[in-house]
There are 2 protein chains.
Amino acid sequence: MREPHHPSCDELELSAVLHALSDPARLEIVRWLAKGDECTCGMFDLGLSKPTLSHHFRVLREAGVVRTRPDGRKRMLSLRDEELEGRFPGLLVAVLSADRERDGAPAA
Amino acid sequence: MREPHHPSCDELELSAVLHALSDPARLEIVRWLAKGDECTCGMFDLGLSKPTLSHHFRVLREAGVVRTRPDGRKRMLSLRDEELEGRFPGLLVAVLSADRERDGAPAA
DNA sequence: CCTCCGCTTCGACATCCATCGAACGGTCGC
DNA sequence: GCGACCGTTCGATGGATGTCGAAGCGGAGG
């Protein structure tokens, strides 16, 4: 299983990162990853099919938001938080902290 | 000229804001507005037609990123930076500061 | 070796989105 | 009022995007 392409820090584009984060499903994935767990692709239950998840992983990966590490027949996903922080300081933190007061959620 | 709808702080959705900021043209507009000038719609020269600009203004406005104030036959645009900061602390700052090291620009 | 398993790729499809030209609406100056 | 001006709205269009089922691919296990 070959290592897929990951953009270097210099190649990261702000628009691409913002676009990657602008989808609720991908935001959920990032939120999940931010909890620190290293995740396999299959453990996400967002009500989406496997191809769709794979698509979102690719968008996130190509934007430089996540890293994919092949591990046997699984793939471990992790946030590229440090690299993101280096390239776009404060961005990921802001997105994740803003995310805590979930968009439409403060119904309680 | 009636005042168009502006979402309140509570109504702001993270995905919508990120989506609004994920377009290069809109990012350019926001960058421009961040310089502090209050701008009329017509002063943006991004090589886009008027309808397209108007479209981007609307996306930014409906996401809660900018405010539109009718002024005679012009419309003054301004960043809702304080409200954005209140709702999504650090987000706009991060986007704008990241933006200084322009995406593909560090060719020099 | 054969099969199962995890994930990706392919092909298709519906939808969204950025873009434009043309037409419209409100405001100012004359 | 009339025309010029600024910006929006309408309708159309091409391209991107999210979504899925089916098929493919590489590794693990019996």
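Predicted model: local features only at pLDDT ≥ 70, side-chain atom pairs only at ≥ 80, totals over all residues.
Biologist: How much area do chain A and chain B bury between them?

Modeller: The size of an interface is often given as the accessible area lost when the parts come together. Here chain A and chain B bury about 1,800 Å² between them, and 61% of that is on carbon and sulfur atoms. The contact draws 21 residues from chain A and 21 residues from chain B.

Biologist: How many salt bridges and polar contacts are there between chain A and chain B?

Modeller: Between chain A and chain B the salt bridge count is zero.

Biologist: Which helices of chain A supply the side that touches chain B?

Modeller: Helix H1 (14–21), helix H2 (24–34) and helix H5 (91–100) of chain A each supply at least two residues of that side. H5(A) gives the most, with six residues. Sorted by class, the side of chain A that touches chain B has eleven nonpolar, five polar and five charged residues.

Biologist: Turning to helix H3 of chain A, what span should its 14 residues have?

Modeller: At 1.5 Å a residue, the 14 residues of H3(A), residues 50–63, should span 20 Å. The end C-alpha atoms are 20 Å apart, which agrees.

Biologist: Which residues of H3(A) are buried, and what do they pack against?

Modeller: The buried set is A:Leu53, A:His56, A:Phe57, A:Val59, A:Leu60, A:Arg61 and A:Ala63. These residues pack against H1, H2, strand S2 (66–71) and strand S3 (74–79) of chain A. After H3(A) comes A:Gly64, with a positive phi near 90°.

Biologist: Is A:Thr68 buried or exposed?

Modeller: Buried means under 20% relative accessible area. A:Thr68 has a relative accessible area of 5%, so A:Thr68 is buried. This residue is found in strand S2 of chain A. Leaving out residues up to four places away in sequence, A:Thr68 touches A:Glu3, A:Pro4, A:His6, A:Arg61, A:Arg75, A:Met76 and A:Leu77. One of these, A:Arg61, is among the buried residues of H3(A). The C-alpha atoms of A:Thr68 and A:Ile29 are separated by 13 Å, and the two residues are 39 apart along the chain.

Biologist: How many salt bridges does a search of the whole structure find?

Modeller: Side chains of opposite charge can pair when their charged atoms come close. The search finds eight salt bridges over all chains. One of them joins the side chains of B:Glu28 and B:Arg31, at 2.3 Å from N to O. B:Glu28 and B:Arg31 are three residues apart in helix H2 (residues 24–34) of chain B, so about one helical turn separates them. B:Glu28 counts as partly exposed, at 24% relative accessibility.

Biologist: Which parts of chain B does the pair B:Glu83 and B:Arg67 tie together?

Modeller: B:Glu83 forms a salt bridge with B:Arg67, with the closest N and O atoms 3.0 Å apart. B:Glu83 lies in helix H4 (residues 81–87) and B:Arg67 in strand S2 (residues 66–71) of chain B, so the pair ties together parts that are 16 residues apart in sequence. B:Glu83 is partly exposed at 24% relative accessibility, and B:Arg67 is partly exposed at 31%.

Biologist: Where does B:Arg80 come in?

Modeller: The side chains of B:Glu83 and B:Arg80 meet in a salt bridge, 2.8 Å from N to O. B:Arg80 is buried, with a relative accessible area of 3%. In chain A, salt bridges that share partners join A:Arg67, A:Arg80 and A:Glu83 into one network.

Methods
Residues numbered from 1 in each chain as written. Chains lettered and ligands numbered in written order. Heavy atoms only, no water. Contact = heavy atoms within 4.5 Å. Buried area = accessible area lost by both parts, 1.4 Å probe. Salt bridge = Lys/Arg side-chain N within 4 Å of Asp/Glu carboxyl O. Helix = DSSP H or I, 4+ residues; strand = E, 2+ residues; numbered from the N terminus. Nonpolar A, V, L, I, M, F, W, Y, C, P; charged D, E, K, R; others polar. Expected span 1.5 Å × (residues − 1). Buried < 20%, exposed > 50% of the residue type's maximum accessible area, 1.4 Å probe, protein only.
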